[in-house]
Amino acid sequence: MSAAFKKAAKSRQREHRERSQPGFRKHLGFLEKKKDYKLRANDYHKKQEYLRALRRKALEKNPDEFYFKMTRVQLQDGVHVVKQPKEEVTSEQLKVMKTQDIKYVEMKRASEAKKIERLKSELHLLEASGKQKNQHVFFFDTKKEVKEFDVATHLQTAPELVKRVYNRPRIETLKKETVKGATKRSQIEKLARERKRQYSLLKQRIEREKELFVIAQKIQTRKDLLDKTPRVKVKNETVNSPAIYKFKSQRKR
């Protein structure tokens with residue numbers, strides 16, 4: 001590139017940036033254009049006005065004034081940082097919510113519910129603790145009848161079968177018919193262990209179904225919070241329940 005071309009380009013660049021001025025004041029230096037001066041001056045005055053407003057706000061501040069946000073703000077390296085509330089979720093719930101969507105959780109929950117119903121239909125909840133809400137009440141006219149009362153005699157069954165809640169035949173039935181099913185002690189113990197294992201499996205499936213229900217609710221709550229509708233938190237989130245929000249009712253057009 002020739003020296004003349006460079007000189008001409010430099011001259012055009014200076015003419016674009018520099019305001020024309022008489023030759024006798026060139027020794028005073030660069031004279032910027034008015035539009036550049038206005039941009040620089042407006043930016044400077046805007047910052048000065050912002051600083052004046054901050055000083056006035058600091059002078060007029062009430063030292064006894066309190067905001068609820070003050071309890072959630074910390075000063076870290078000169079910057080106010082808002083403390084985010086800790087999510088009350090277990091590690092397993094967090095893993096499922098981050099890797100799966102609500103449709104998958106609902107599908108697994110429906111599958112668990114079907115398995116629970118099938119187990120209940122097979123076991124009939126026999127000998128289940130906490131499931132016998134009803135009680136057999138006997139009524140008598142005198143105190144003498146109460147003292148002489150015998151449950152086995154009244155139910156017409158053997159004393160060994162009184163505490164059973166199922167398969168409690170009468171003495172007449174035992175005399176007429178032979179005993180069916182397992183009769184050996186080893187077989188009876190084996191059936192009892194199998195029944196206990198089935199109840200344990202049923203309990204695990206019920207707990208799993210409840211946990212999936214809670215996870216589905218928490219995922220749905222997080223999806224609802226993406227909406228910008230004004231809301232108020234009514235109840236905080238816990239491990240066993242999602243947070244409850246009350247949304248402002250809006251009429252859809």
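Tutor: A definition to begin with: axes are lines fitted to C-alpha atoms, for helices over the stretch in contact, and angles run from 0 to 180 degrees between N-to-C directions. Also note that this is a predicted model.

Student: OK, helices then. At what angle do the axes of α4 and α8 cross?
Tutor: At roughly 155°, and the two axes come within 9 Å. Helix α4 covers residues 102–123 and helix α8 covers residues 185–224.

Student: Is α4 roughly parallel or roughly antiparallel to α8?
Tutor: Roughly antiparallel, because angles over 145 degrees count that way.

Student: Which hand does the crossing of α4 and α8 have, left or right?
Tutor: The crossing is left-handed.

Student: Switching to strands. How many bridges join β1 to β2?
Tutor: Four, and the strands run antiparallel. Strand β1 is residues 73–76 and strand β2 is residues 79–82. One of the pairings is Leu75 with His80 in β2.

Student: What lies between β1 and β2?
Tutor: Two residues, and the strands form a hairpin. In the turn, Asp77 has a positive phi of about 55°.

Student: Last one, Thr157. Where is it?
Tutor: Thr157 sits in the loop between α6 (151–155) and α7 (171–176).

Student: Is Thr157 buried or exposed?
Tutor: Buried, since its relative accessible area is 3% and the cut-off for buried is under 20%. Leaving aside neighbours within four places in sequence, the contacts of Thr157 include Ala152, Val162 and Ile171. Arg168, Pro169 and Arg170 are also in contact with Thr157.

Technical notes:
Residues are numbered from 1 along each chain as its sequence is written. This is a predicted model: local features need pLDDT of at least 70, side-chain atom pairs count only at pLDDT 80 or more; totals for chains, interfaces and linings use all residues. Side-chain values use heavy atoms; hydrogens and water are left out. Buried means under 20% relative accessible area, exposed over 50%, partly exposed in between (1.4 Å probe, protein chains only). Contact means heavy atoms within 4.5 Å. Angles under 35 degrees count as roughly parallel, over 145 as roughly antiparallel, 65 to 115 as roughly perpendicular and the rest as oblique. A crossing is left-handed if the near helix is turned anticlockwise from the far one by less than a right angle, and right-handed if clockwise. Two strands pair if DSSP finds at least two bridges between them.
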